[in-house]
Amino acid sequence: MNNLFKNSNFNGGVNLKNFIVKEVSLEEALKVFPKIEEWTRPEAGTVEHCKNRIGNSKYLILGAYVNEEIIGYLIAYEKNDSFYCWVVAVDKRYRKMGILTEMMTIFENYAKKIGYDRVTLKTLNNKREMLSYLIKNNWNILDIIKKEDIFLNEILVEKRI
């Protein structure tokens with residue numbers, strides 16, 4: 001595991017939190033899954049499901065820690081001609097403190113380092129905080145996959161790096 005990632009201090013006007021983001025195993029990352037109340041598909045929190053999804057692709061798995069407790073994770077892998085962020089989540093108690101931004105920055109830098117010029121991810125129309133983050137951070141909408149329930153529309157976004 002790489003330990004190349006920096007300690008981060010972020011004062012977002014709420015609280016000063018010290019955290020670290022580092023590369024972790026899939027098993028370690030999935031310890032956060034039960035803490036994310038938005039996840040509605042229990043199978044997505046299993047090692048088997050994640051390994052099947054990643055397949056033989058090059059991948060990156062990050063964990064975010066506060067006081068040695070894992071409180072966030074990101075799973076990304078090669079998909080088509082981009083580096084795709086499949087899952088990124090932060091425990092609700094630690095949101096709006098810069099942790100998502102740090103994980104996404106590391107993800108983007110890693111993708112660039114391994115030769116990609118763009119990164120992609122898919123989110124849902126009902127994930128308003130994530131949509132707001134993406135637009136504010138120069139991600140562009142590529143496609144909308146319509147579902148019967150408009151709030152479950154999938155929004156594919158891309159960022160040139």
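**Cores, salt bridges and surface of a predicted model**

C85 is buried, with a relative accessible area of 2%; buried means under 20% relative accessible area, exposed over 50%, and partly exposed in between (1.4 Å probe, protein chains only). This is a predicted model, in which local features need pLDDT of at least 70 and side-chain atom pairs count only at pLDDT 80 or more, while totals for chains, interfaces and linings use all residues. Residues are numbered from 1 along each chain as its sequence is written, and side-chain values use heavy atoms, with hydrogens and water left out.

**Overall make-up**

- The protein has four helices and eight strands, where helices (H or I, at least four residues) and strands (E, at least two) are DSSP runs numbered from the N terminus.
- Read from the N terminus, the order of elements is β-β-α-α-β-β-β-α-β-α-β-β.
- Of the 161 residues, 43% count as buried.
- Among contacts (heavy atoms within 4.5 Å) with a separation of 6 or more, 55% are between residues 24 or more positions apart.
- The accessible surface comes to about 9300 Å², and carbon and sulfur atoms account for 48% of this surface; accessible areas come from the Shrake-Rupley method with a 1.4 Å probe, and for residues only the protein chains shown count as cover.

**Nonpolar cores**

- A nonpolar core is a set of buried Ala, Val, Leu, Ile, Met, Phe, Trp, Tyr and Cys residues joined through side-chain atoms within 4.5 Å.
- The largest core has 32 residues, and the members that touch the most others are L74, F83, I99, M103, M104 and F107.
- At least two residues of this core come from each of β2 (16-23), β3 (59-66), β4 (69-79), β5 (82-90), α3 (99-113), β6 (118-124), α4 (128-136) and β8 (154-160).
- Helix α3 gives the largest share of this core, with seven residues.
- Not counting residues up to four places away in sequence, L74 touches L60, I61, L62, C85, V87, V88, M103, M104 and F107.
- A second, separate core has 19 residues, including V32, C50, I54 and Y84.

**I61 and the cysteines**

- I61 lies in strand β3 and is buried, at a relative accessible area of 3%.
- Leaving aside neighbours within four places in sequence, the contacts of I61 are K22, E23, V24, S25, L26, A29, L74 and I75.
- How many disulfides does the structure hold? The count is zero, a disulfide being a pair of cysteine sulfur atoms within 2.5 Å.

**Salt bridges**

- The structure holds 12 salt bridges, each defined as a side-chain nitrogen of Lys or Arg within 4 Å of a carboxyl oxygen of Asp or Glu.
- K35 and E69 form one of them, at 2.9 Å from N to O.
- This pair links distant parts of the chain, 34 residues apart: K35 is in the loop between α1 (26-29) and α2 (47-54), and E69 is in strand β4.
- K35 is partly exposed at 30% relative accessibility, and E69 is partly exposed at 28%.
- E69 also meets R93 in a salt bridge, at 3.1 Å from N to O.
- R93 lies in the loop between β5 and α3 and E69 in strand β4, so this pair ties together parts that are 24 residues apart in sequence.
- A salt bridge also joins R93 to D91, at 2.8 Å from N to O.
- Is D91 buried or exposed? D91 counts as buried, at 4% relative accessibility, whereas R93 counts as exposed, at 51%.
- A network of salt bridges links D81, D117, R118, E158 and R160.

**Nonpolar surface patch**

- I135, I141 and I144 form a nonpolar patch on the surface, with about 280 Å² of accessible area together.
- Patches are made of residues with over 30% relative accessible area and no salt bridge, with like charges joined within 9 Å and nonpolar side chains (Val, Leu, Ile, Met, Phe, Trp, Tyr) within 5 Å.
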